[in-house]
Structures are given as C-alpha cells and as structure tokens.
Amino acid sequence: MGRQFGWLWASYAVSAYGSGLGFGALPLIAVLVLHAGPAEVSALSAVGPAVGALIAVPLAPWVEFRRKRPVMIMMDLARFAAMATIPVAYAFGWLSFVQLLVVSAVVAAAKIAFNAASGAYLKALVGPDDLLVANARFESTNWSSIAVGPPLGGAAIGLFGPVTTMVADAISYLLSALGITAIRGQEEAPRTTDKSPVRAGALLDGWRHIMGHPGLRPLYLNQMVVAGLIMATEPLLAVLLLRQFGFPPWQYALAFAAPCLGGLIGSRLARRVVARFGRHWVFRTVGTLRAVWLIGLAFVRPGVVGLVTVIAVELAIIINMSLYSPVLATYRLEHTPKHLVARTLSAWSIGQQASIAVLTALAGLLADVTSPRTALTVAGLLILTTPLLLPRQDQTSQHEPELSRSHS
C-alpha cells in the first residue's frame with residue numbers, strides 16, 4: 001500500500017511493542033512499589049483514563065481542523081515526556097500515587113487524540129478497498145506486541161527493577177514520532193467554512209453522527225459496555241494473581257501475553273471471514289462470542305491450574321476480539337464523512353474510555369467490599385447481556401448507497 005503507509009505502520013509497530021513491554025506497568029508499579037490495594041489499583045485504572053477522556057473532549061475539533069501528521073507527532077512527544085517522569089521520580093525516591101494518576105490521564109488524553117488523527121490520516125492515505133487490510137495489519141501488530149512484550153517486560157522487571165518497562169515504553173513513543181516525521185508528501189490542510197471551527201457545537205458533532213447512524217449507534221453502545229467490563233477485570237486480576245495467589249511477575253505477564261497469539265489468528269482471518277459470511281455475521285456472531293468467556297475468570301485458582309485457566313479464557317476472548325475489531329474499525333471509517341472522522345473517532349474513544357473508567361471504579365469498589373473473585377463473577381455475568389445491544393441486519397446495511405454517493 002505504499003511507502004507512506006509503511007512508515008505509518010512501522011511507527012505504530014514500534015510504539016505498540018513499547019507499550020507491550022509496559023503492559024500493565026502502572027498497576028504493577030502501584031502494587032509492587034507503592035503497595036496499593038484493590039481500590040487504589042482500580043482507581044488508577046479508572047480515574048486517570050476518565051480525566052484523560054475529559055481532556056480529550058475539547059481536543060477533538062482541534063484535531064479535526066489541523067493537519068494530522070503534526071498532531072500525531074505532538075501526541076507521541078507528550079506521551080514520551082509524561083512516561084519519562086516515572087523512572088526519574090523513582091530514581092530520586094519521589095514516586096507517588098498522585099503522579100501515577102497524572103501520567104495515566106495525560107497518556108489517555110494523548111492516545112485518544114493520536115488515534116483520532118491517525119484514523120483520519122489512514123482514511124486519506126489508503127483506498128477504500130484497502131481499509132480492512134490496513135486495519136487488520138494494525139490489529140495483528142497490536143496483539144503480537146502484547147504476546148511478545150509482557151514476558152520480556154516481566155523478565156526485565158525481575159532483572160532491572162519495576163520501572164524498567166516504563167523507560168522502554170517512553171522511548172518507543174519518541175521513535176514513533178521520528179517515524180511519522182519520515183513520512184513524505186504534502187498533507188492537504190482541512191477545509192472549513194466556519195470562522196471558528198472549534199465552536200461549542202463542534203465538541204458534540206462526533207456523538208451526533210454516531211447516535212444518528214442506525215448501524216454505528218448499537219455498535220457504539222455495545223462496544224462501550226464490552227470494553228468496559230473486560231478492562232475492569234485487569235486490575236482485579238493483578239491483585240488476585242500477584243497479591244493473593246503470589247504469582248511472580250513473569251507468570252502474571254505470561255497469563256496475558258500467551259493468549260495474544262490468538263490475536264494474530266483473528267486479525268488474519270478478518271478479510272476471509274467477511275468475504276465468506278458478510279460483515280453483519282461478524283458483528284452478530286463474533287460480537288456475541290466475545291462476551292461468553294469472561295465468566296471463566298471467576299474460577300481462577302492458585303498454581304498452574306489457575307494460570308492455564310486465565311490463558312484459556314483470554315485466548316478465547318482475544319481470537320474473537322481481533323477478528324471483530326478491524327471489521328468494526330473499517331465499517332466506522334466507511335460510514336463517517338471525511339470532515340467528521342477525527343471528531344467521530346474521538347467521541348468513540350472518549351465514550352469507551354469513560355465506560356472503562358466507570359466500570360473499573362465500580363468493580364474496584366465491589367472488590368474492596370467483597371473480594372476480587374466476586375467482582376470478577378459480576379463482570380462475567382453482566383457481559384453475557386451485551387449481545388442484546390448488537391445491531392440487526394437492517395441497521396448495518398441501511399444508507400450504504402447514500403453514504404457512497406456522499407463520499408464520492
């Protein structure tokens with residue numbers, strides 16, 4: 001798909017692998033360095049991203065009406081600077097829980113803005129027929145980075161200390177910024193007829209488009225709840241496996257890394273499955289299969305059996321997620337006009353991040369009052385209801401011709 005896409009993909013890959021090394025690093029540091037409990041760890045996974053989502057709200061129209069490459073570079077540099085403060089503070093004995101919250105918020109806001117800019121840039125960079133392939137490549141890169149990164153990160157933490165992976169993650173964003181800088185070609189400046197494009201109403205344009213579209217609306221609501229419930233289990237498992245069951249960091253990392261190989265399977269199958277069964281079948285069937293496995297985490301036990309249980313549950317979830325996600329991402333880009341892409345992607349990410357924050361906080365409170373296992377059980381039962389939010393076939397196929405004409 002050309003050298004420009006190659007540089008974009010390479011930049012994504014280097015930051016993804018850096019994040020893979022640092023997967024779960026903030027909760028891990030909170031538990032191992034600051035001796036945080038379930039409520040604090042869940043707050044770290046909830047409050048920081050929630051604040052980041054609020055910061056990202058006014059950034060959405062700002063991103064929309066600017067060239068996307070400079071925005072991506074700025075967001076990479078912001079994440080590099082924020083993450084670099086953690087190893088510095090740790091070295092001088094200044095590290096605090098408040099600093100972890102601030103870094104989490106800055107990184108979350110920058111990630112939303114970066115993803116909005118990169119999605120809009122990708123739509124302009126590749127043709128409509130290549131969107132699914134491009135999204136599948138990003139998806140496979142993401143899962144392969146999580147498969148490789150956490151075991152290496154866990155080993156690095158064991159050898160060099162708890163903030164080692166944060167250094168690698170920070171540097172990866174710096175390298176990503178350099179890669180995006182290497183992309184050649186003049187990017188067309190966005191056009192607007194408004195004298196003040198960053199008007200108050202522009203903040204809500206992304207949500208108006210999503211909620212007014214018969215296919216995007218149910219997919220958005222479903223994604224918010226599913227993502228929120230799945231991510232709410234991460235800090236609960238960190239406390240359960242690391243503190244209560246005494247798993248060493250490398251086993252904790254392995255429990256999340258090994259299943260990510262399933263992400264390579266799902267993302268590689270996406271194009272073939274859509275060609276054979278259709279996009280709606282993926283939304284309904286694979287979207288349902290994402291939700292039925294999470295309850296298995298309620299049966300985790302100490303030792304090898306517990307480790308195998310986590311790996312099996314995560315593998316089943318990830319295979320279906322990695323098949324579903326690039327199809328969803330492609331549908332979302334195809335059904336969003338060019339002048340609304342950044343705001344729509346920002347609205348999508350903000351809603352999802354807010355849902356993750358709220359559900360993670362509630363799960364943490366429930367775990368603090370009862371136990372992590374009880375909170376995992378409740379999350380597993382609630383997610384079984386999410387297929388009811390998936391769209392009907394008439395909703396995902398409606399307005400296809402009209403959209404194609406408007407894009408042309």
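This is a predicted model: local features need pLDDT of at least 70, side-chain atom pairs count only at pLDDT 80 or more; totals for chains, interfaces and linings use all residues.

Q: Which residue forms a salt bridge with Arg279?
A: Side chains of opposite charge can pair when their charged atoms come close. For Arg279 the closest N and O atoms of the pair are 2.6 Å apart, and the salt-bridge partner is Glu334.

Q: Which helices hold Arg279 and Glu334, and how many residues apart in sequence are the parts that the pair ties together?
A: Glu334 counts as partly exposed, at 24% relative accessibility. Arg279 belongs to helix 12 (residues 279-289) and Glu334 to helix 13 (residues 303-334), so the pair ties together parts whose separation in sequence is 55 residues.

Q: How many residues apart are Glu64 and Arg343?
A: The side chains of Glu64 and Arg343 meet in a salt bridge, with an N to O distance of 3.1 Å. This pair links distant parts of the chain, since Glu64 is in helix 3 (residues 38-64) and Arg343 in helix 14, and the separation is 279 residues.

Q: Is Glu64 buried or exposed?
A: A residue is called buried when its relative accessible area is under 20%. Arg343, the salt-bridge partner of Glu64, is buried with a relative accessible area of 4%. Glu64 has a relative accessibility of 4%, and therefore Glu64 counts as buried.

Q: In which helix do Asp76 and Arg79 both lie?
A: The side chains of Asp76 and Arg79 meet in a salt bridge, at 2.9 Å from N to O. Asp76 is buried, with a relative accessible area of 0%, and Arg79 is buried as well, with 5%. The two residues are three apart, about one turn of the helix, and the element in which both lie is helix 4 (residues 68-91).

Q: Are helix 9 and helix 14 parallel or oblique to each other?
A: Helix 9 (residues 216-244) and helix 14 (residues 341-369) pack with their axes 7 Å apart, at an angle of about 40°. Helix 9 passes helix 14 in a right-handed crossing. Angles under 35 degrees would count as roughly parallel, and the two helices are therefore oblique.

Q: What distance separates the C-alpha atoms of Gln223 and Thr386?
A: Gln223 lies in helix 9 and counts as buried, at 12% relative accessibility. Gln223 and Thr386 are 163 residues apart along the chain, while the separation of their C-alpha atoms is 8.8 Å.

Q: From which helix does the largest share of the nonpolar patch come?
A: The patch on the surface is formed by Leu77, Val167, Ile171, Leu174, Leu175 and Leu178, which together have about 480 Å² of accessible area. Leu175 is partly exposed, with a relative accessible area of 43%, and is found in helix 7. The largest share of the patch, five residues, comes from helix 7 (residues 164-181).

Methods. Residues are numbered from 1 along each chain as its sequence is written. Side-chain values use heavy atoms; hydrogens and water are left out. Patches are made of residues with over 30% relative accessible area and no salt bridge: like charges are joined within 9 Å, nonpolar side chains (Val, Leu, Ile, Met, Phe, Trp, Tyr) within 5 Å. Accessible areas come from the Shrake-Rupley method with a 1.4 Å probe; for residues, only the protein chains shown count as cover. A salt bridge is a side-chain nitrogen of Lys or Arg within 4 Å of a carboxyl oxygen of Asp or Glu. Helices (H or I, at least four residues) and strands (E, at least two) are DSSP runs, numbered from the N terminus. Buried means under 20% relative accessible area, exposed over 50%, partly exposed in between (1.4 Å probe, protein chains only). Axes are lines fitted to C-alpha atoms, for helices over the stretch in contact, and angles run from 0 to 180 degrees between N-to-C directions. Angles under 35 degrees count as roughly parallel, over 145 as roughly antiparallel, 65 to 115 as roughly perpendicular and the rest as oblique. A crossing is left-handed if the near helix is turned anticlockwise from the far one by less than a right angle, and right-handed if clockwise.
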